[in-house]
Amino acid sequence: MSDTLDIIKKLAEKDVNEYITQAADEGRKILGYMCSFVPEEIIHAAGMVPYRLRAVGSKETRLGDTYYSAINCSLVRHIFDKALNSEFAFLNGVVFMNGCDHARRMYDNWRNAFQTQGLGPEFLHMFVAPHTTSETSFQRFLDELRDFSDVLEKHFNAALTTEALQNSIAIYNQRRELLRGLNEMRKLPEPPIFGAEMLAVQSAMTSIPVENAVDLLEQLTIELQNRRIDGEGKLRIVLAGGAMEEIEHIQMIESCGAIAVADNLCTGGRRADVSVEEYGDPIAAVAKRYLYEVSCPRMIDEFDKRSASLEKIMKDYRTDALITEKLMFCDLWGGENFLLKQESKRLGFPMLSLEREMYGGGEGQMRTRVQAFFEMVRNRQS
Amino acid sequence: MIVAGCDVGSLTAEAVILKDSQVLTSKIMGVRATAEKSAVCVMDLALAQAGLKYSDIDACYSTGYGRQAIPFSQKNISEISCHGMGAYWADNSIRTIVDIGGQDCKVISIDENGLVQEFIMNDKCAAGTGRCLEVLAKALDVELHELGPLSQKARKPINLTNKCSIFMELEVMQHVYKKRKARDIAAGINNAVAKRVASLSKSVPLKPNFAITGGVSKNVGVVSRMEKLLDVKFTPLTVDPQIIGALGAAIFAQKENGNHD
């Protein structure tokens, strides 16, 4: 048993939590954001709490569908539905990102809703990250980070000093290091934590102030030292994909006879894998980490690097198979899946591609596919 | 040794009882309100026919969408593995199985032991399934089992252009209103369903010999069109192709509980 794990799981199940409420009560501003390319360190250095927007708790997309169509990604439809239902009323601002066109469009929609319906908050900022990693892109990204810092300073009357940024980098690196420590334990033959639980941990950590996250992760690391999951007869799998927050979906996969011991999910392991350098110009270090090290299919001409990274994960964690997770109408993961399928044939690792609507149900077909896939993997091994 | 397999799908439930590696009896029926009720009903019928009691069964495995809810089953196995094993047991030269069930269709590649090596399953829509045929047969006002023989008499099959079952239904109704011959519409329906499944088949290596299973395998129109589209010949199976899933479950029960024949 781990008390801290139970606390964290509960945090993952809801969008507003006592840590965020307490931070707001103490006068800290809460800034929502949507994508792994938005640098939390800069928001934190401006004295605010970065908070990743999730669909958790959303029951429908009725209001969201008034701005989006049914062929838009269900994550953005759920999140915008929540926004229109004032479920993000506790936010002091939202930072949007050109991660994909569906997410980028939310900036337009939210702005329109702000102008026509008074949907808060007032601070809505479009943060733009390049899609390539050339030197020109790096300079462009540096400019964007500086602009972002200036905007935050001016709007929130904050002083974003070099020292503050260095401190923020240090504490976010600490969080990454703790998450990496947990991931290291997942390499054991009997890992201490299920993949579904780890997703809850990773999701919850983006919904609370980093200081609380570090405390909880330190405690969790201690409590997991003696926890072991019996891996006998279970396959070890790796999950890759974009936004994933449905813990019960991973539970369903694991209940078919596997443990998800590693992941490269946007809302999972991808966030922790590489730290920001703690020397030199801090804003350049942030730019370097976010532009070059976030393994996301939105980046053009980077597939070989992403594939190599995934291959290394599969080797390090001794996984038997890969499951990719794609939300319907996600163009980025549609392309990535196709390329990964070629890699799976070339390298000979079994791969299953699942496609779903966020919180969309349809477990029956999905379970059949997953169970048959695991049976197939075992057949190939025998 | 007496073993059983129970397959509860979306439209029908099947039970197969094997005694000493021979099919003792099998039963097929339409599903009831719950998977559990369907399983109990179909197994009761099979046991009664065989003159057996539940306690006579040494092992029973389940498959199909309702596989987790079957109270008398010791283990559940996916219908993909069960169709592979069932078809292999019926004819051990089979390496590729096309299974068209009530609400899904699969193409399954098996090895020389009947074990699944690759598979593909529909996940975008149900236009290549039994349910789609059921809806279109109703629009044409013929019984489901009539679609196959009727289509064989066609001279000018219609072309259903829509990919969605609902729009296909509207298209069929338009052809009915225009007084096109029922046999030509029936052929168009079968061709459309065969085309959907054939396009799915391209994702899996098609190794001979081939078998077609599931309820739709009884529709001669779909089967003959599939053979043309895939340029293959389906090997006729010695057992009812609709019980292959339940048969596969029974074979797994036999293999894993002592008898490895």
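Into which domains is chain A divided? Chain A is divided into domain 1 (15-162) and domain 2 (177-279 + 295-381), with bounds that come from an automatic or database domain assignment.

## Basis of the model

This is a predicted model, in which local features need pLDDT of at least 70 and side-chain atom pairs count only at pLDDT 80 or more, while totals for chains, interfaces and linings use all residues. Residues are numbered from 1 along each chain as its sequence is written, and chains are lettered from A and ligands numbered from 1 in the order in which they are written.

## Chain A and its domains

Chain A holds 14 helices and eight strands, where helices (H or I, at least four residues) and strands (E, at least two) are DSSP runs numbered from the N terminus. Its radius of gyration is 20 Å, close to the 21 Å that the globule rule gives for 382 residues, so chain A is as compact as a globular protein of that length; the radius is taken over C-alpha atoms, and the rule is 2.2 Å times the number of residues to the power 0.38. Of the 382 residues in chain A, 49% are buried, a residue being buried if 20 or more other C-beta atoms, placed from the backbone, lie within 10 Å of its own.

The centres of domain 1 of chain A and domain 2 of chain A, taken over C-alpha atoms, are 25 Å apart. Their contact takes 26 residues from domain 1 of chain A and 28 residues from domain 2 of chain A, two residues being in contact if their C-beta atoms, placed from the backbone, lie within 7 Å. On the side of domain 1 of chain A that touches domain 2 of chain A, α2 (18-25), α3 (40-45), β2 (49-52) and α4 (74-84) of chain A each supply at least two residues.

## Chain B

Chain B has eight helices and nine strands, and its C-alpha atoms fill a box of roughly 60 × 40 × 30 Å along the principal axes. A compact globule of 261 residues would have a radius of gyration near 18 Å, and the 18 Å of chain B agrees with this. Buried residues account for 51% of the 261 residues of chain B. Of the contacts in chain B between residues at least 6 apart in sequence, 71% join residues at least 24 apart.

## Contact between the chains

Eleven residues of chain A are in contact with 14 residues of chain B. Helix α14 (residues 363-381) of chain A gives the most to the chain A side, with ten residues.

Methods: Buried ≥ 20, exposed ≤ 12 C-beta atoms within 10 Å, placed from the backbone.
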